[in-house]
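Hi there,

Here is the structure I promised to pass on to you. Please open it beside this email, and take your time with it.

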Amino acid sequence: MYDVEGPPLPPELVHYIFELAATNPDDPYHPHLHILLVCKLIYQEFKPVIYRTVVLEDYSELTEFPLDACRYIQNLSIDAVRWPMKDFFSHCTTLKSFHSYDLSPDDLSGDDEFNMLPPSTRLTSLWAPPGWETSRACDRVLVRDQFVHLTHLNTVHGLSALSMLRMLVNTLGGLKSLTHLAMQYVSLDGMGLFEQILTTQSALKVIVLVRYDWHMQDPEYDVDYMTPLQKEDERIVRLVDDTSDDEYESQVVDEWLARIYRHRLDLWDFAEALKEARRDGHFRDPRRATGWIFRECLWELLSSEGVAKLSRRSELWYEYLDYTKEW
């Protein structure tokens, strides 16, 4: 594959080594572009790898990004948008996962000057930006062809939990492929809407309710007024978000990247593991299985058998549980 002194390495191993060198999950804002300067062969083969996942702090008229590389982007995160991105998005024909803080539904698939995602786009994962739930366009946008294959939808960062519930009630029936949904906790005034979501015929397998740790005083909080329907729904998992205010945005991007690079666990990993532990009866106290759970306290809540089984789930789980025990 490449000219080297000594016995040649297997092509698969060489490709893996260069792929590791080309990606940079620890600092996604600064990809290792210099690897493209090694030689023409490396440039041609690893340009798609470099641009497979792109994280932009902002997009403005000063942003220098090669539009010819947009066709390689499968995973995209954009913080602030200060300039129309129509040209940029028109080239993103292979986009699968999208995360942003600053785009409205109209920006992605509307009729305004942005008119971003091309009709051929088929997103499978979306982290909805704050404010989507209050947009009148959201109901009609999420049922368009660009979202027909959406399997994972994270709406935790919405500005209004009640508005987000209304939006989900209006769109869930059209999201036929959606299996994983994350959203803010449900307060008393939203219980009726939440139960509409639970009873809507859908493909949902996991429903993650999230509260911020600075709102939490008692893990049993608001569990007491759950209806029997909610208590019996095995899809629901309640997790506490422990991200800090100072580094909130970077931590959220890291969480989004976890599903892509598999370098750490994400909320879907925790939700699926907790569902399994609850099903298998591995909680020390069964009442805690339906309550709010802090990730770092997970090993304390499970029986020794449950912890051992989780440790065997993957190397990431083994390292995480070993770290939290030490901590």
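Below is a short tour, going from the whole chain to single residues.

First, some ground rules. This is a predicted model, in which local features need pLDDT of at least 70 and side-chain atom pairs count only at pLDDT 80 or more, while totals for chains, interfaces and linings use all residues. Residues are numbered from 1 along each chain as its sequence is written, and side-chain values use heavy atoms, with hydrogens and water left out.

**The whole protein**

The protein has 13 helices and nine strands. Here helices (H or I, at least four residues) and strands (E, at least two) are DSSP runs, numbered from the N terminus. Of its 327 residues, 48% count as buried; buried means under 20% relative accessible area, exposed means over 50%, and partly exposed lies in between (1.4 Å probe, protein chains only). The accessible surface comes to about 16500 Å², and 51% of that belongs to carbon and sulfur atoms. Such areas come from the Shrake-Rupley method with a 1.4 Å probe, and for residues only the protein chains shown count as cover.

A contact means heavy atoms within 4.5 Å. Among contacts with a separation of 6 or more, 66% are between residues 24 or more positions apart.

Two strands pair if DSSP finds at least two bridges between them. As background, strands of a sheet pair through backbone hydrogen bonds, either parallel or antiparallel.

Some pairs to find on your screen:

- Strand 1 and strand 2 (residues 75-81) run parallel and are joined by six bridges; L56 has I78 in strand 2 as its bridge partner.
- Strand 4 (residues 125-127) and strand 5 (residues 152-154) pair in the parallel sense over three bridges; L126 has L153 in strand 5 as its bridge partner.
- Strand 6 and strand 7 run parallel and are joined by five bridges; M183 has L209 in strand 7 as its bridge partner.

How covered are these strands? In strand 1, five of its seven residues are buried. In strand 7, seven of its seven residues are buried.

In helix 2 (residues 40-50), I42, F46, K47, V49 and I50 are buried. Seen down the axis, these buried residues fall within an arc of 155°, so they line one face of helix 2. The arc is that of the directions from the helix axis to the C-beta atoms. The buried residues of helix 2 pack against helix 1 (11-22) and strand 1 (53-59).

In helix 7, M191, L193, F194, I197 and L198 are buried. They cover an arc of only 160° around the axis, which puts them on the same side of helix 7. Those residues pack against helix 6 (161-171), strand 6, strand 7, helix 8 (228-232) and strand 8. An α-helix has 3.6 residues a turn, so residues three or four places apart point the same way.

Is H282 buried or exposed? H282 is buried, with a relative accessible area of 7%, and is found in the loop between helix 10 (267-279) and strand 9 (293-294). Leaving aside neighbours within four places in sequence, H282 is in contact with residues including A277, L301 and K309.

R313 is found in the loop between helix 12 (304-311) and helix 13 (315-326). R313 is partly exposed, with a relative accessible area of 36%. Not counting residues up to four places away in sequence, R313 touches E272, A273 and E276. A polar contact of 2.9 Å joins the side chains of R313 and E276. (A polar contact is a pair of N or O atoms within 3.5 Å; within protein, one must be able to donate a hydrogen and the other to accept it, and residues adjacent in sequence count only if both atoms are side-chain atoms.)

Finally, R262 has a positive phi of about 55° although it is not a glycine. Most residues other than glycine have a negative phi. R262 sits in the loop between helix 9 (248-261) and helix 10.

Happy exploring!
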